[in-house]
Amino acid sequence: MEKRIRIPETDIEMFPFGLGTTGAGLAWDGADADRIFDAFLDNGGSLIDTAHVYSDWVKPERARSERVIGDWLERSGKRNRVVLVTKGGHPDMTVENPDTHISRMTKADMTKDLEESLKKLRTDHIDIYFYHRDDLNQSVEELIETMEGFRREGKIRYYGCSNWTTARMKEADAYCREKGYRGFAANQCLLNLGYKYMNPLEDDTLVYVDEEMQEYHRQVETNLLMPYMGMCSGFFHKYISKGPDTVKDSPYYTEGNIRTAERVKKLCEDYNATVSQVVLGFFGQQDFDCAPLYSPKNVDQLIEAMKTFEIPFRKEDYIV
């Protein structure tokens, strides 16, 4: 059965996944983008996720994902139906040798990113605004006060974090309790069906949802987990449809994930489901609410994915 996810102490209610837009401006734009966004809303979706940095690593356009969303919002007039999410403070990806360790999360950096995001998105506020990375050289007090300033100005409604450790989130939570602030509404980190057995990714600034973070989300319902890389970079799709030789260079190519791939094939048969639906179904079996971010290539992929939560998967299906 389809369900809705509500973030406690907010007015945000959403479909069980958010629409990821890393492909906006690259895989789809213009009329194709309109069809994807409209189909998402028409089938019960609301949360659209982007970042000011998407996809600056492909020259020459900057913030193209936000631009594509802004174009659609302007054409459609559907801003009031959207929970709009974007992120700021990501290291500069336009330089000759991008380095994700070079932080740019000062108040001035964040103010610049937010103002540019508002212009690109053609809106006067962001529903949930995220720190895209963390900078341990800045205190949580300083970082929270920057977000609270944006909130008081009416430029954001809520705020979240991406790639923060559990310890830093707990620090921020404690400061917010002390000051009477609501605190983080959402957390974006890496969680998916293959994460348990995968090899580390090259970018060591990405944070994984380990057992400590899972326990945190069991206890802190007001901070919704929004996992990224939910489709395991296509590992299970490629393994099942094209064979193991096509994924041998993948960080997911491990003995544990080969066993998981065989389980995915069995679940596809048992439930008459697609690989995408089985992989997304994993998120509905966690013992805390989470809403992964899903990036489709076209409307057909999107509609297929949105039917996932009609399938009666069980928690034991995902024990490998």
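Modeller: Two strands pair if DSSP finds at least two bridges between them, and in this predicted model that criterion is what the sheet described below rests on.

Colleague: Which residue stands opposite tyrosine 131 in strand 7?
Modeller: Strand 6, residues 126–131, and strand 7, residues 156–162, pair in the parallel sense over five bridges. Within strand 7, the residue opposite tyrosine 131 is cysteine 161.

Colleague: Which strands are the edge strands of the open sheet?
Modeller: Eight strands form this open sheet with parallel pairing, and their order is 9-8-7-6-5-4-3-10. Each edge strand pairs on one side only, and the two are strand 9 (224–225) and strand 10 (293–294).

Colleague: What angle does the direction of helix 1 make with that of strand 3?
Modeller: Helix 1 packs on the sheet, where it touches strand 3 (18–20) and strand 4 (47–49). Its direction and that of strand 3 make an angle of about 170°.

Colleague: Is serine 276 buried or exposed?
Modeller: Serine 276 lies in helix 9, residues 275–281. Because its relative accessible area is 9% and the cut-off for burial is under 20%, serine 276 counts as buried.

Colleague: With which side chain does the side chain of serine 276 make a polar contact?
Modeller: Leaving aside residues up to four places away in sequence, serine 276 touches Met231, His237 and Glu304. The polar contact, at 2.7 Å, is with the side chain of histidine 237.

Note on methods. Residues are numbered from 1 along each chain as its sequence is written. This is a predicted model: local features need pLDDT of at least 70, side-chain atom pairs count only at pLDDT 80 or more; totals for chains, interfaces and linings use all residues. Side-chain values use heavy atoms; hydrogens and water are left out. Helices (H or I, at least four residues) and strands (E, at least two) are DSSP runs, numbered from the N terminus. Buried means under 20% relative accessible area, exposed over 50%, partly exposed in between (1.4 Å probe, protein chains only). A polar contact is a pair of N or O atoms within 3.5 Å; within protein, one must be able to donate a hydrogen and the other to accept it, and residues adjacent in sequence count only if both atoms are side-chain atoms. Contact means heavy atoms within 4.5 Å. Axes are lines fitted to C-alpha atoms, for helices over the stretch in contact, and angles run from 0 to 180 degrees between N-to-C directions.
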